[in-house]
Amino acid sequence: MSSDQQGRVDPEVAKVGSLSSPGPALLGTATTASESNDNSERTLQGEAPVELKESHHDTADNANLRPDSSAETVSLDQAGLHGEEGLATERQQQEIASISAPSTVALSVDTSTDGDIDRDSDNDSAIGDTSIYVYQFAEEHGRTYHRYREGKYYLPNDEIEQDRLDLQHHLFRLTLDGALFSAPIENIPGGLHNVLDIATGTGIWAVEFADQFPSAKVIGTDLSPIQPEFVPANCFFEVNDAEDPWMFSHKFDYIHGRALGSCFKSHLEVIQSAFSFLRPGGYLELQDFIIPVHRCIDDTVHGSHFERWNNLMLAATAALGKDWSRASLYKEYLQQVGFVDVVEMRYNWPVGRWARGKKEKMLGMWYKENFLSGLQGFTLAVLTRGLGMSVTEVEALLAGVRNDIHSNMFHMYLPMYVPTTFSQTFQC
Ligand SMILES: C[S@@+](CC[C@H](N)C(=O)[O-])C[C@H]1O[C@@H](n2cnc3c(N)ncnc32)[C@H](O)[C@@H]1O
């Protein structure tokens, strides 16, 4: 992080481009179905108000960095995945191809700085389950993983990962200009009484939300009991698999789910459960991103370790039968199960401080730190279990990725296809 902190913000660059510009003025605003469709159409097509360019030094040297000259697609072979092609789904293949495809997001390179400022589980649910095994985490390659429904989720649950999740929480808040949520929950008929946070992680969102709304009862659920003991009196945690049939004794006014891309076999089914457990007029809000699919606004990523990591991760998750890239489909899923007035907003998290704009630099600095601290955790189980890579091979790859990231040469960002989707349900 130290080199990041050396970067200075160019006052001029703050004028150009905003992370939230692809989804203007949508925060906290419920729209009519047709308005929201219009906005989503625009954002889904990635139409950006600012033309992408290397703004300061538009010379012949960097002319080949322009989007229209970087349309070269990346194949699995290029990632060193000979023989693995059949593993990726068609959509995942498209994601692979699009990593360095022309981008139309409102990010432009700031060239004025150096870029840096259950094994025995026959229970259907573990609600209220205090079985000791739930607390005895599974250990693999020096990291620990959840024991309830063991093997289902591929990211660790140890202190390193918990610290990263808490850091990421701040990244989400920065993205939403400090807010914990975007849905207009003040409009919920009858008020806000019961709140659910699906797959709550360390529970940091649930705790802060419970503090902010002391009259609401907030429940956070997760496969791992990694939440703190001392929490607001209106905040509760349960070990629970969100993919099981929901067994709550009451419905909710507001359901929140964040960073769930890597969690479920069927996001659609979880969204269907949420729909069934919302009171009429309640909201479901999802905030998510597509990992590992980073994109690059130019061709700087070509041939890098980072590009290879992206492609290997996509192939490995496909081999494991997982699709982590569904955030872009959430809106469709919400509409499919019956939600109305679905609003989708989009942001980007640059990897490092290379992008113009004060907010972009701030998000880039935090995301770079978040990515570096999470890299081993995201990768180890996925590449060893999914592609049979050895720990040594994985660590060698990660060393290269870290070098790439520290070099600040790569104009990569994490697309936030659906950082916030909220919808009102009129279900009876
Ligand atoms: C990336 S973390 C996000 C945590 C939290 N939502 C946040 O934003 O900080 C994903 C969490 O989902 C949990 N998880 C994964 N699959 C789950 C499932 N099927 N049911 C409940 N929780 C699950 C994991 O244990 C992990 O804590």
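**α7 and α9 are oblique to each other.** Oblique covers the angles left over once those under 35 degrees (roughly parallel), over 145 (roughly antiparallel) and 65 to 115 (roughly perpendicular) are taken out. The model is predicted, so local features need pLDDT of at least 70 and side-chain atom pairs count only at pLDDT 80 or more, while totals for chains, interfaces and linings use all residues. Residues are numbered from 1 along each chain as its sequence is written. α7 spans residues 267-276 and α9 spans residues 330-337. Helices (H or I, at least four residues) and strands (E, at least two) are DSSP runs, numbered from the N terminus. The two helices pack at an angle of about 45°, with axes 9 Å apart. Axes are lines fitted to C-alpha atoms, for helices over the stretch in contact, and angles run from 0 to 180 degrees between N-to-C directions. The crossing of α7 past α9 is right-handed. Right-handed means that the near helix is turned clockwise from the far one by less than a right angle; anticlockwise gives left-handed.

**Side by side: the residues where α7 meets α9.** From α7 come His-267, Leu-268, Ile-271, Gln-272 and Phe-275. From α9 come Tyr-333, Leu-334, Gln-336 and Val-337. Contact here requires C-beta atoms, placed from the backbone, within 7 Å. Six of these residues are nonpolar, three are polar and none is charged. Ala, Val, Leu, Ile, Met, Phe, Trp, Tyr, Cys and Pro count as nonpolar, Asp, Glu, Lys and Arg as charged, and the others, Gly among them, as polar.

**α8 and α10 are also a packed pair of helices.** α8 covers residues 305-319, and α10 covers residues 358-387. Their axes lie 8 Å apart, at an angle of about 60°. The two helices are therefore oblique to each other. α8 passes α10 in a left-handed crossing. On the α8 side, the contact uses Leu-312, Met-313, Ala-315, Ala-316, Thr-317 and Ala-319. Facing them in α10 are Thr-379, Val-382, Leu-383, Gly-386 and Leu-387. This contact has eight nonpolar residues, three polar ones and no charged ones.

**α5 and α10 run roughly antiparallel to each other.** Their axes come within 9 Å and cross at roughly 155°. The crossing is left-handed. α5 contributes Ile-160, Glu-161, Asp-163, Arg-164, Leu-167, Gln-168, His-170, Leu-171, Leu-174 and Thr-175. The α10 residues include Met-362, Leu-363, Trp-366, Tyr-367 and Glu-369. Asn-370, Ser-373, Gly-374 and Gly-377 are also among them. By class, the contact divides into eight nonpolar, seven polar and four charged residues.

**A shell of 19 residues surrounds the ligand.** The closest are Ala-199, Gly-201, Ala-242, Arg-258 and Cys-263. Nine shell residues are nonpolar, six are polar and four are charged.

**Arg-346 sits in strand β9.** The strand covers residues 340-350. Arg-346 counts as buried, with 25 C-beta neighbours inside 10 Å. Buried means 20 or more other C-beta atoms within 10 Å, exposed means 12 or fewer, and partly exposed lies in between; C-beta atoms are placed from the backbone. Phe-289 is 57 residues away from Arg-346 in sequence. In space, their C-alpha atoms are 9.4 Å apart.

His-305 is 92 residues from Leu-397 along the chain, yet their C-alpha atoms are separated by 6.8 Å. Leu-397 is buried, with 20 C-beta neighbours inside 10 Å.

**Ala-259 and Asn-408 have positive phi.** Ala-259 lies in the loop between β6 (252-258) and α7. This alanine is buried, with 20 other C-beta atoms within 10 Å. Asn-408 belongs to the loop between α11 (391-407) and β10 (412-424). Asn-408 counts as buried, with 20 C-beta neighbours inside 10 Å.

The protein chain has 11 helices and 10 strands. Of its 428 residues, 50% are buried.

Notes
Contact = placed C-beta atoms within 7 Å. Near = placed C-beta within 6 Å.
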